[in-house]
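Welcome, and thanks for taking a look at this one with us. Please have the sequence and the model open side by side as you read.

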Amino acid sequence: MISDNDIKTQVEQELLWDPRIDPTHIGVSVNDHVVTLSGFVHAYSHKLHAERDTQCLSGVLGVANDIEVRPHSRLDAEIAHDAIAAIALQLPVSSKTIKVIVEHGHVRLEGTVDWNYQREHAQLALRHVHGIRGIESAIEISHKAIPADIKARIQAALKRSALIEASGITVEAEGDAVILSGKVRSWTERDEVERAAWMAPGITAVTNQLQVGS
């Protein structure tokens with residue numbers, strides 16, 4: 001199995017390879033195949049890209065992203081204005097139910113949407129807004145009627161996906177919440193399973209307990 005030192009080298013090389021990131025001040029340490037990213041970057045998007053790049057590497061079982069965002073100074077009002085505009089561009093209809101609160105560069109999103117993808121897109125829309133130090137989403141998903149066979153529907157969706165090996169995945173449904181457990185081959189597959197579960201109608205919570213391993 002790949003060693004911690006080899007993983008550290010791979011992470012450092014991957015961060016250098018990605019033109020979206022300035023890795024000059026990013027530190028990398030590895031313990032038992034869990035990577036810790038430290039240091040600082042000047043844009044929130046750089047922090048997200050660094051984490052995603054690390055997750056996709058072979059041998060990585062976990063990532064602790066302790067990178068600090070030190071953006072060039074902007075007024076909270078300016079950040080809020082740009083954040084509202086970015087969300088409206090991404091979600092022209094549902095953006096009207098989302099509230100943006102900014103304090104010292106930290107953005108908090110509140111409100112209600114119909115689907116989880118809308119909640120995710122609201123956060124994604126803010127990746128390139130300058131001045132953001134961190135994002136917290138308190139957006140809730142509105143309750144809808146849940147089909148009686150919701151568990152079977154999710155399992156069928158997993159089996160249809162070419163990106164997922166469904167045999168090692170267990171799905172449990174408790175009301176409007178889903179619990180995923182078992183083992184997957186990669187972080188990409190883990191994310192894809194969760195995405196598929198969120199597509200089910202009426203689901204307001206997904207607990208992802210899937211473990212990454214061979």
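## A parallel pair and its crossover

Threonine 36 has alanine 64 in β3 as its bridge partner. From β2 the chain passes through helix α2 (residues 44–55) to reach β3, in a right-handed β-α-β crossover; right-handed here means that, with the strands pointing away from the viewer, the path from the first strand over the helix to the second runs clockwise. Strands β2 (residues 34–41) and β3 (residues 62–65) pair in parallel over four bridges. Strands count as paired if DSSP finds at least two bridges between them, and helices (H or I, at least four residues) and strands (E, at least two) are DSSP runs numbered from the N terminus.

## How to read the model

This is a predicted model, in which local features need pLDDT of at least 70 and side-chain atom pairs count only at pLDDT 80 or more, while totals for chains, interfaces and linings use all residues. Residues are numbered from 1 along each chain as its sequence is written, and side-chain values use heavy atoms, with hydrogens and water left out.

## Annotated spans

The unreviewed UniProt entry carries the annotation "domain: BON" for residues 3–71, 75–143 and 146–214; such annotations, given in the numbering used here with shortened feature names, may be inferred rather than shown by experiment. Residues 3–71 are 38% helix and 29% strand, with end C-alpha atoms 34 Å apart. For residues 75–143 the figures are 35% helix and 29% strand, and the end C-alpha atoms lie 36 Å apart.

## An antiparallel hairpin

Strand β9 (residues 169–174) runs antiparallel to strand β10 (residues 177–184), and six bridges join them. Valine 171 has leucine 180 in β10 as its bridge partner. Two residues separate β9 and β10 in this hairpin, and glycine 175 in the turn has a positive phi of about 65°.

Would you call glutamate 189 buried or exposed? Glutamate 189, in helix α6, is buried because its relative accessibility is 3% (buried is under 20% relative accessible area, exposed over 50%, partly exposed in between, with a 1.4 Å probe and protein chains only). Beyond its neighbours within four places in sequence, glutamate 189 contacts Leu163, Ile164, Glu165 and Val184, where contact means heavy atoms within 4.5 Å.

Aspartate 191 also belongs to helix α6 (residues 187–198). Aspartate 191 is partly exposed, at 26% relative accessible area. Not counting residues up to four places away in sequence, aspartate 191 touches Arg52 and Gln55.
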